[in-house]
Amino acid sequence: MIEEATEKLALLLKGRVPESLDTGGVANENERELAIMLNLLFSFVQEMHEFIHPLSKGTLDDVPVPRPRNFLASPLKELHSRLQHLKWQAKQVAQGDFSQRVDFMGEFSEAFNFMVVSLANSEESLKRKIDQLEEALSHIATLEGLLPICSYCKKIRVEGGDPEDDDSWVEMESYIGKRTKARFSHSICPSCMAKYYPDFTY
């Protein structure tokens, strides 16, 4: 039995899970106990193989989790649990929750957290640009189209106003000032200066 056990351990060390030892014909109590313990080890290793193989391919759901008494697989079960939580966190980030942080996977945690911060900054920048564009569009919308303007005094008729009603006409400065952020400071151009103040020189 010792020779067979040695051969099976050699297979295990080569990465192959051997068949169980036959304990029925073992007369020596110590050898029988050793065979039982080796068979338990083989079954634990088999469970770990069946568990880690799907994980290595990224499958986290419906994987055969080793039994609770398989303490050799405890780190793998902990890894599986953390990967499940990481998957949930990634989904949260995809839905816009940029508060998610990872602190249990070393350099990967740093990369994940950097990615989340970058996404948050990019979204904030994009929102600011959208706000600026919407504001610009609102300004354009208030000034687009044809403006009915008096050919002489340059007053503008408000939208829907009666052309015959003097109250429907407002100063150009007032019209533009109410619809944009523009403010006017009055001066006089050289042509008007020459026309209205011909005797005045600079």
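Where does lysine 154 lie? Lysine 154 lies in the loop between helix H4 (106–143) and S1, where helices (H or I, at least four residues) and strands (E, at least two) are DSSP runs numbered from the N terminus. The model shown in these views is predicted, with local features needing pLDDT of at least 70 and side-chain atom pairs counting only at pLDDT 80 or more, while totals for chains, interfaces and linings use all residues. Residues are numbered from 1 along each chain as its sequence is written, and side-chain values use heavy atoms, with hydrogens and water left out.

View 1. Most residues other than glycine have a negative phi.

**View 2. The packing of helix H1 (residues 2–13) against helix H2 (residues 29–56).** The two helices pack at an angle of about 15° with their axes 11 Å apart, the axes being lines fitted to C-alpha atoms, for helices over the stretch in contact, and the angles running from 0 to 180 degrees between N-to-C directions. H1 is therefore roughly parallel to H2, a term for angles under 35 degrees. Their crossing is left-handed, meaning that the near helix is turned anticlockwise from the far one by less than a right angle. Ile2, Ala5, Lys8, Leu9 and Leu12 in H1 meet Glu31, Leu34, Leu38, Leu41, Phe42 and Val45 in H2, contact being defined by heavy atoms within 4.5 Å. By class, this contact has 9 nonpolar, no polar and 2 charged residues, with Ala, Val, Leu, Ile, Met, Phe, Trp, Tyr, Cys and Pro taken as nonpolar, Asp, Glu, Lys and Arg as charged, and the others, Gly among them, as polar.

**View 3. The packing of H2 with H3.** The axes of H2 and H3 come within 11 Å and cross at roughly 30°, so the two helices are roughly parallel to each other, and H2 passes H3 in a left-handed crossing. From H2, Met48, Phe51, Ile52 and Leu55 meet Leu76, Lys77 and His80 of H3; this contact comprises 5 nonpolar, 1 polar and 1 charged residues.

**View 4. Helix H3 (residues 74–94) and the glycine that follows.** H3 has 21 residues and reaches 30 Å from its first C-alpha to its last, close to the 30 Å expected at 1.5 Å a residue, the expected span being 1.5 Å times one less than the number of residues. Leu76, His80, Leu83, Leu86, Gln89, Gln92 and Val93 are buried in this helix. Glycine 96, whose phi is positive and near 100°, follows H3.

View 5. Serine 168 is found in the loop between strand S1 (156–157) and strand S2 (169–170) and is buried, with a relative accessible area of 7%.

How values were computed:
Buried means under 20% relative accessible area, exposed over 50%, partly exposed in between (1.4 Å probe, protein chains only). Angles under 35 degrees count as roughly parallel, over 145 as roughly antiparallel, 65 to 115 as roughly perpendicular and the rest as oblique.
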